[in-house]
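This report is for a reader new to the structure shown below. Please look over the sequence and the model before reading on.

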4 protein chains.
Amino acid sequence: MSGVWGNKIKYSIFGESHGNAIGITIDGLPSGVELDIEEINREMRRRAPGKNKFSTARQEKDEFEILSGYFNGKTTGTPLCAIIRNSDQHSKDYEKTKNLMRPGHADYTGFVKYSGFNDYRGGGHFSGRITAPIVIAGAIAKQILKKKGIIIGSHIKSIRTIEDNFFDEIELNNEFLENLSHIEFPTINKDKALEMQEEILLAREDRDSVGGVVECAILNLPTGIGSPFFGSVESILSSLLFSIPAVKGVEFGAGFSISKMKGSEANDQFYIEEDRIKTFTNNNGGILGGITSGMPVIFRAAFKPTPSIVKEQKTVDIQEKKDTTIEIHGRHDPCIVQRAVPVVEAVAAMGILEML
Amino acid sequence: MSGVWGNKIKYSIFGESHGNAIGITIDGLPSGVELDIEEINREMRRRAPGKNKFSTARQEKDEFEILSGYFNGKTTGTPLCAIIRNSDQHSKDYEKTKNLMRPGHADYTGFVKYSGFNDYRGGGHFSGRITAPIVIAGAIAKQILKKKGIIIGSHIKSIRTIEDNFFDEIELNNEFLENLSHIEFPTINKDKALEMQEEILLAREDRDSVGGVVECAILNLPTGIGSPFFGSVESILSSLLFSIPAVKGVEFGAGFSISKMKGSEANDQFYIEEDRIKTFTNNNGGILGGITSGMPVIFRAAFKPTPSIVKEQKTVDIQEKKDTTIEIHGRHDPCIVQRAVPVVEAVAAMGILEML
Amino acid sequence: MSGVWGNKIKYSIFGESHGNAIGITIDGLPSGVELDIEEINREMRRRAPGKNKFSTARQEKDEFEILSGYFNGKTTGTPLCAIIRNSDQHSKDYEKTKNLMRPGHADYTGFVKYSGFNDYRGGGHFSGRITAPIVIAGAIAKQILKKKGIIIGSHIKSIRTIEDNFFDEIELNNEFLENLSHIEFPTINKDKALEMQEEILLAREDRDSVGGVVECAILNLPTGIGSPFFGSVESILSSLLFSIPAVKGVEFGAGFSISKMKGSEANDQFYIEEDRIKTFTNNNGGILGGITSGMPVIFRAAFKPTPSIVKEQKTVDIQEKKDTTIEIHGRHDPCIVQRAVPVVEAVAAMGILEML
Amino acid sequence: MSGVWGNKIKYSIFGESHGNAIGITIDGLPSGVELDIEEINREMRRRAPGKNKFSTARQEKDEFEILSGYFNGKTTGTPLCAIIRNSDQHSKDYEKTKNLMRPGHADYTGFVKYSGFNDYRGGGHFSGRITAPIVIAGAIAKQILKKKGIIIGSHIKSIRTIEDNFFDEIELNNEFLENLSHIEFPTINKDKALEMQEEILLAREDRDSVGGVVECAILNLPTGIGSPFFGSVESILSSLLFSIPAVKGVEFGAGFSISKMKGSEANDQFYIEEDRIKTFTNNNGGILGGITSGMPVIFRAAFKPTPSIVKEQKTVDIQEKKDTTIEIHGRHDPCIVQRAVPVVEAVAAMGILEML
């Protein structure tokens, strides 16, 4: 089962890249929330392709339609379903090679799992396109959180081996975080952005691809959110982050680096400032015992390079059961990290709203 | 909510470190499975303290009792509950400092979440002790998986900055993996084990602590397990891994390193061998599109250093609302990574059984 | 939360009577199932209004569109979403009286629950129209069950005080049950059908309404389906049956009558026939200890009379907070029992598929 | 899966009648609730056998022990597990007849479902004894609800054909409802109680058994609790009520009788009294569109007569696959309705707490 997540709020996604429509139903939203449709569209545009020379040429019209749960500009509190009609589908692109299992893709695993009955066109239900409805749901969640003063923002931490600063190295505040969402290629250090974009263009010319890491921060979360063990903030957020296609690693706070520290370095020591409890450092990423501490919640998700590359690769023909090769043509991003930024924020918002 | 996980099989944990008992109920096990009680005990001993000079002095009697779901040596198929009575509790150790929020611990966050009503003794419900019932459940899951030919094994990948080899660098087979569980300090490279143990002793002498990384592999999983998006193998396993106290990072296959590769390097190209489809490399850790590919599933979990250190630390007094300091005495491990190895395998088994 | 049900298979419904569309997403269907679209349409027509003089004059176009999870005539195994566009909406019918709480309806309770933000037109999300997507999901479930030899069928047991025979009084077989679905007003005793239809016409002339009971049977269920306690067949089916608007009672086997019997009468004694275990009687409705016994599963659902009647009724004006009266005009069924028959079968199919 | 119920609060039951212990874990309770242990014991005594001549001779010691989630007299907010050790077990009573499938019991269905591996002694996991932990959980839920002013009470509506009044026929108030729980054989009409008790004694003398109906009322529920469709109050409560062994029918308000009324009779017309909205009648049992209306929630559960009767019955030997007969000796209640009263209240409390 792939499509339903949540306990307090349940999200059900559906759709194949070349099917009639993709969409999501959100059940459990509070009633009376005024939705800023233009803001949702803005989030969609952050994700949309065809925008610039770093992204795919495919024009995905991401116009969505809300079918239910929304009346007179506000949520009704009943299930809200939003769909996006698929268009600009070059289904023939996939017909010729449907028996060739593209390396790094879910062609093979999906073929086995669904006994060959899956819609293979454009990656079917595995397509990164299915993250579009997730961005809609996340945009709605973000608006609800924002009304409660909770701000979510992120930047591109790295593209291949080019590294930006960590959020933990700067002074985080609402304004800074929110501004990031208005930057096309968001980084803390502007020079790094240029180096990263160079990497991406080089990859394109080389008929190859690159990956990267997105770092996300959540400010002003109340203390006490989350639960020990199965309901930990890390468990909830990671289950959503690893739902995003291409994610292969998730870490909180200092993450894997914390395992290299001594306890005396790693521990975030407490102090009081104006009746508020804070820590001098934030290696735990704002989470202790699975529960928010009031410090910024910070995490990173690692994205593998786009599997669709033009370079010739070895593969197998699943019908003829023999070795062969494949060159993937069509319109593909040499890097999807930039497009993944709003998706990371979207699932973060979904996860936080669930736990609040 | 902290205690219930699963869909097909539901696990409910409960217990505080100094309460009457800790335990777990497993609902959904198949009937007629013959349980090897001695094997479960062996797994418990891998986790148990007081075993050697690298671990805590506290003697935890981990004798468990099965209250239900088990009859005439076999599972009945009805809910199976196993409990462990708490003993050797030095509750006074915690009484004096209950208002001092130990850095890196859940004292503060638990206090806020439970409005001060949580059992703070020995970490209460946040204590690493609560991983003991998880090892019981995992041991049962491992036995069921083993009957299906699925083998789970792990080693200590690193302690602080001392690094062992990766599983991906060697030839993995059932025998090798199973043997690891019989090694007290399991590594691929024996020399590294000695270096790591040195690190731990140094930390103890220094009244400090160290962390590390556990790497786990699962062999012989059928292809096609897991689902895209919310039901991905990474989502399921990570939600369990991040449930283990002290875990701050989880990665699959090449993990964060994959984000530094080019697509041509990262993609695992396919080939056929004796009618079986394999890949030349395994950077995706045996998972494509959230679904198992038949290659070994490999992942790593990063553990932060034990927060309980004797060194003086800055903290706050939660009652008096003022800055102060704390020195944590009592009996604590300078490193819990060794004890975490069977816990990592336990949750891996629980997760796999859920998805099969 | 109103819209998500299920564990193994998850159903998410959405939609308001006068919103853009109503629909349902089904997650967890097996792949490769060939769907008979015409059969689904037939089930929809059994439910549809405007068919005859016993039903509403409103023309509901129930043309549905499958958005996902269906490719080349078969299920893909990924989430399947089906929607129905709303049409023939006379929204003005409801505008004038939106502050008058119609007795027996959810106007008042929905107003309170959703703080006045619900879409009140045509009953909004409470409308019986929302059972249309449920019939689609049930129709799909029925087709899957039929391939396994499991047959579901039902009849109108009573309209007001006119009683048809019980299923338990006749010889049930596949053919008889399946034929019932082709009868417009299905009863065992044809004469009773005529009496019942008379009652309905009388109610219409009298500007009033009547209710009734639907009895449903499921044949050829394997023995051993369901679980004790929370997973009992009765619990699963009743939770779905009581989801249908207007249901106020559910009983299995002899139902409430069994409470009037002695144990010696009520107990279904066992016997063996050609190596199959059966019972002489079936007062337990094919379920023992929450688990199917192999005998037909039989249950009944009681429907209250349609709340929308033209007769003047006392009510309150929710804005002005004062007593007043209301006469409900518009196009309403004097009896919805006939239309509810396929809905009862639909949820029965959904519940059985979940437990198989 | 039989043992886990709930979304906001999760209940996990476990235990076999003759196993080591039976119990329940409750996850999601608020912290800081002071529990009245004596009150829980009182509820247990209402259920306990050996009390009087109408009940079983078996002495069930229902002393429970709270293993976790309870500290210094209050709930901690972490999972609370309570167990009851089994004692006074005459396991030999069941050994001789374990291959004879007792009519009306789950011997046969349990045998098939669990492939013969279930613990058959004393009914194993199907035993009515497993309702004891449910009463503990319900008692806790009732205390929490009571602090919010919500009162739950019930009476024996009928034993066989002897009928007591309906709750709807009298003036319900908190005091009256609460007093019912202090009456050993609670009815509205005292004379009926005597007649009912006569029926039970006659059944015992006749080596037979009788069933009956329990009617329950919930007062002071806020308006707006529950959801349309899958989350309806009827769905939630019925799924719990049908979990109780022996329940074969559940109805709300006028229940099955409402199907015999006309709309003008059935509809509960509204009026305002001191700014509160009420209805003249309450045929809908306080629930409209699956949501509470503020009127008392009233429902009834029908219990079949105790299957264990001494009278000889026809049955089959499951090993030898042949027809035979059985006489059930041992210590059994001729009627369990009286003991079921606190169980009905318990699950009602669990369900309401879930929806609040």
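Which residue stands opposite B:Tyr11 in S3(B)? B:Tyr11 has B:Ile26 opposite it. The model is predicted, so its local features need pLDDT of at least 70 and side-chain atom pairs count only at pLDDT 80 or more, while totals for chains, interfaces and linings use all residues; side-chain values use heavy atoms, with hydrogens and water left out. Residues are numbered from 1 along each chain as its sequence is written, and chains are lettered from A and ligands numbered from 1 in the order in which they are written.

**A sheet in chain B**

Helices (DSSP runs of H or I, at least four residues) and strands (DSSP runs of E, at least two) are numbered from the N terminus. Strands count as paired if DSSP finds at least two bridges between them. In chain B, an open sheet of five strands has the order S1-S2-S3-S7-S4 with antiparallel pairing. Its edges are strand S1 (4–5) and strand S4 (64–66), each of which pairs on one side only. Strand S2 (residues 10–14) and strand S3 (residues 21–27) of chain B run antiparallel and are joined by five bridges. Helix H4 (residues 131–147) of chain B packs on this sheet and touches S2, S3, S4 and strand S7 (80–85). The direction of H4 makes about 30 degrees with that of S3(B); such angles run from 0 to 180 degrees between N-to-C directions, with axes fitted to C-alpha atoms, for helices over the stretch in contact.

**Chains A and B together**

Chain A is superposed on chain B by a rotation of 180 degrees with 0.0 Å of shift along its axis (RMSD 0.0 Å). That is the relation of a two-fold axis.

An open antiparallel sheet of 10 strands has the order S9(A)-S8(A)-S10(A)-S16(A)-S11(A)-S11(B)-S16(B)-S10(B)-S8(B)-S9(B). Strand S9 (162–163) of chain A and strand S9 (162–163) of chain B stand at the edges with a single partner strand each, so one side of each has no neighbour in the sheet. Within chain A, strand S11 (residues 247–252) and strand S16 (residues 297–303) pair in the antiparallel sense over five bridges, and A:Val247 stands opposite A:Phe303.

In the interface, 102 residues of chain A are in contact (heavy atoms within 4.5 Å) with 102 residues of chain B. The two chains bury about 8,100 Å² between them, 64% of it on carbon and sulfur atoms; this is accessible area (1.4 Å probe) lost on being put together, summed over both parts. A:Phe229, A:Phe230 and A:Lys248 lose the most area on the side of chain A, together 12% of what that side buries. Six salt bridges (a side-chain nitrogen of Lys or Arg within 4 Å of a carboxyl oxygen of Asp or Glu) are counted between the chains. One of them joins B:Glu234 and A:Lys248 at 2.9 Å, N to O.

**Loop residues with positive phi**

Most residues other than glycine have a negative phi.

| Residue | Phi | Loop |
|---|---|---|
| A:Arg160 | about 55 degrees | between strand S8 (151–159) and S9 of chain A |

Definitions and conventions. Copies are superposed by least squares on the C-alpha atoms of residues with pLDDT of at least 70 in both.
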